[in-house]
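Please keep the structure open while going through them.

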Amino acid sequence: MNILICIKQVPDMESKFKINGEGTWYDRADLAWRMNEYDEYAVEQAVRLKEQVKDADLTVLCIGPDQVTESIKKALAMGCDRGVHITDPDSSQREPITIATMIAGFAKDKNFDIIFTGMQSQDRGSAQVGVMVAELLGIPAVTTIVDFAYDNGSIQVKRELEGGSKALVTATAPVVLTCQLGLNTPRYPTLPNIMKAKKKELLALSPDTGGIDARQETTACYFPEKKGGGLVLEGEIPELADKLIQLLKEKTSVLA
Amino acid sequence: MEFTREIYWNVGHGFATLAPMYGLLLLAVAIFVLGLVKRLKVYRLGQPLDRTDQRRERIKHMLETVLLQTKVFRVPGAGTAHAFFFWSFFVLFIGTTLIVLQADFSDLLFGIKFLKGTFYKLFSLTLDLAGLTAILMLAGLLVRRYLVRPQGLVTKGDDALMHGLLLAILITGFLIEGARMAVTELYVPQLAAWSPVGWGVATLLAGVGEPGLRTLHIGLWWFHLLLALAFIAVLPYSKFRHILTTSANAFFADRGPIGKLGTVNLEDENTEKFGANELADLRWKDIFDADACTLCKRCQDRCPAYATGKPLSPMQVVNQIGEIAFTKPDANLIETIGREAIWACTTCRACQDICPASIEHVGKIVEMRRNLVLMEGEFPGEEVMAAMEQTEVNGNPLGMGYASRGDWAEPLGVKPLSEDPEVDVLYFVGCYASFDKRNIAVATSFIKLCQAAGIKVGILGKEEKCCGEPMRKMGNEYLYQTLAMETVEIIKGYGVKKIVTTCPHCFNTLTKDYRDFDFDIEVVPHALFLEELVAGGKLPVKAEDFACTYHDSCYLGRHNGLYDAPRKLIRSMGGRIAEMAKNRDQAFCCSAGGGRILAEEKLGERINVKRVQMAVETGAGQLLANCPFCLTMFEDGVKGANVEEQLRPRDIAEVLAERITSENA
């Protein structure tokens, strides 16, 4: 079984974000970086699948500047077999179709049975890349999966729908699956696996954007204006409850 | 008249006595050696560890611990009884040796007798009193074990054997003496007076008549001999072995630095296994420790996890390792001891500190944690794993953005060394004082105090990362070493001469654990640093009377023996300390050590609530602490115990900062 996991490196959301000079994206200074949370679920699910079927080869792919190899190494330490780094310092400015084209360009002749990726990135959050990769490869995509089962070639996933309802979807390989919170708890890499990861193959490729011209542009990026302050209620609990109910009645429609 | 007695009286000193006696002795010694060799083989199942360096100090420590019973004596009651029993038994042993020396060597070969005259009088009196003391102490211990039955005391067949055999040896000894004296000394009071107990027994036996006494004497003599030889023979096979193993363990004891863990070689690519989940992963000392344990339960009595109903008893852990070693060496350590027990330890060191047998409990637990973390990626809970990941990403377990680490210091005019490296001291702030609002208040007070004393302080700011202590104690040696190496490199890069900490965990780690990374810069904990400033007149304090109690953090107290300096500092600011029931080296942990600060306390009662209640019982309204982990736990504990109105937890620095005379502040 041949599996591809597409991951992205994103800033830690607790970082001190600043808007860059052009005002179009965040400044890279003072940020701590990590693997996109949803992609961690993707890596974990792929590793679990390999543990189940034994005979599987896991390729993890990441696009970005050199520092993203740290995230690739983490995925390798979690259990992926080989890493692919599409070296692209400008990846953060690329629109989803360009990223998807790069991935599809790499994947098209590799016969991947399943492509796991996060349902979206924590920073840009377009939630398009996985789906576009599927489209470019001409294979189905199932998004926001929260449960995954594989049995003898048939794939059954649970999708999270609005309002808490779930949908069961069956599919057969090849397929793209985008992973949502709740799918699994990613493992903490063991030390022997961290050591082994250092010796695993890590292929560096140059970006091939497939000649797509820019079709969209982020023209501005900014923090929301501060609207009013928070309100701290003080006093005895019964009193507090009354105040809160009154506020909810006056200022909101939740009790209407 | 001649003050002496005939040795081998009534028994005879010929071949018929000596041959069976020494024959039996040889047999007893052979059984003894066989037992010892068997156990030695088991100790060797463990990994090598050199505990024979610093021999002079080791021998000195062993002699002190054994002969003076220094550690045993620390716990009154049973400890006192054991010490006196030991001393009496030791005296009896020397007495018996002297008799053997005279009767079977010096007199037999050279006709030299030294057990006579004044020396004999003293010899006889001393031995009589020693025998009496030994019987009384043993009787006391017997009553304690079998009638009083203290909670948690494990009593096995071994204990019955020990009490029975020792009592029988001592009592038959006096009966033999009494029978002999009834015949030979009863009417020579000036001689009998030097054997008062024997004299008493002789008086009781006087009515038996000489033939009967002689039969009784010789019968009891051989019985007494057999008992004594049995004692030698069963020694390695019973808890009697502690006479040898516990003494030897004092020689093999960890020579410190106290609480420094062994650094795992992570560079060696041939290592495929880390930590311990099998007996063979432990060191020989870990197995030997089990044999040195006497089940005195002092560790268990002081364990904060045990005291709050968690499934950890340090005594049990040590003995489970022993049981595996001697009965099922292939068993899985972690499954046998149990994950919940392994994770419950706060590394407070109360067990190790009180142990009279030099057993190292904490290292074993950390070895098993290392196995769980490094080999299985397992933690006590998801929150701990998250904290580890946060530390990897942001250098702190709280998950705060690393770049804001130094933000708290900006309004105080304190700069990071990257901006101004010319400072008197580097303040290694630590994660909690950098990010946690409650502890930022402590850091702020500390800076104000330094400023009042005219000391220029720098911080590392966003270059500072967690020292790695909680991760290391949780078993994450890899993350610890990563953090340690980075921190060492950064601090060394600035040519820092002196570091001050407000966190005893940082202090202990920087000053001890970092030695393995070639780090030898002076580190001073703030309690000591401030005390020295006040004592040196550099920090003028306006003493104001106040009542408080003081909590010895495990890492300043038991790990570093700093009990007096903080108390002196508190008194110098006018504090009247009402001590808690458990204080100084017996202080009760706050629950946050051993990386437990990162974990939820899901089992049993809450340790911090229990400690806060002890503080409330003193009646003092303030609980002074010296550690951000303790402070965090106490702030939480006063809420948990619902005593927010009665007890206010504060750091020493906060109280001191309020008492600096205005012209300097």
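**Notes on the predicted model**

1. Helix α18 of chain B covers residues 382-394, which makes 13 residues, and the distance from its first C-alpha to its last is 18 Å, close to the 18 Å expected at 1.5 Å a residue. After α18(B) comes B:G395, which has a positive phi, near 75 degrees.

2. Chain B is divided into four parts: domain 1 (15-50 + 76-234), domain 2 (268-376), domain 3 (395-507 + 518-532) and domain 4 (534-657). The C-alpha centres of domain 2 and domain 3 of chain B are 32 Å apart, and where these two domains meet, eight residues of domain 2 are in contact with six residues of domain 3. On the domain 2 side of chain B that touches domain 3, four residues are nonpolar, two are polar and two are charged.

3. Turning to the contact between the chains, 16 residues come from chain A and 19 residues from chain B. On the side of chain A that touches chain B, helix α5 (residues 191-199) of chain A gives the most, with four residues, and that side of chain A as a whole divides into seven nonpolar, three polar and six charged residues.

Conventions. Residues are numbered from 1 along each chain as its sequence is written. Chains are lettered from A and ligands numbered from 1 in the order in which they are written. This is a predicted model: local features need pLDDT of at least 70, side-chain atom pairs count only at pLDDT 80 or more; totals for chains, interfaces and linings use all residues. Two residues are in contact if their C-beta atoms, placed from the backbone, lie within 7 Å. Helices (H or I, at least four residues) and strands (E, at least two) are DSSP runs, numbered from the N terminus. Ala, Val, Leu, Ile, Met, Phe, Trp, Tyr, Cys and Pro count as nonpolar, Asp, Glu, Lys and Arg as charged, and the others, Gly among them, as polar. Domain bounds come from an automatic or database domain assignment. The expected span of a helix is 1.5 Å times one less than its number of residues.
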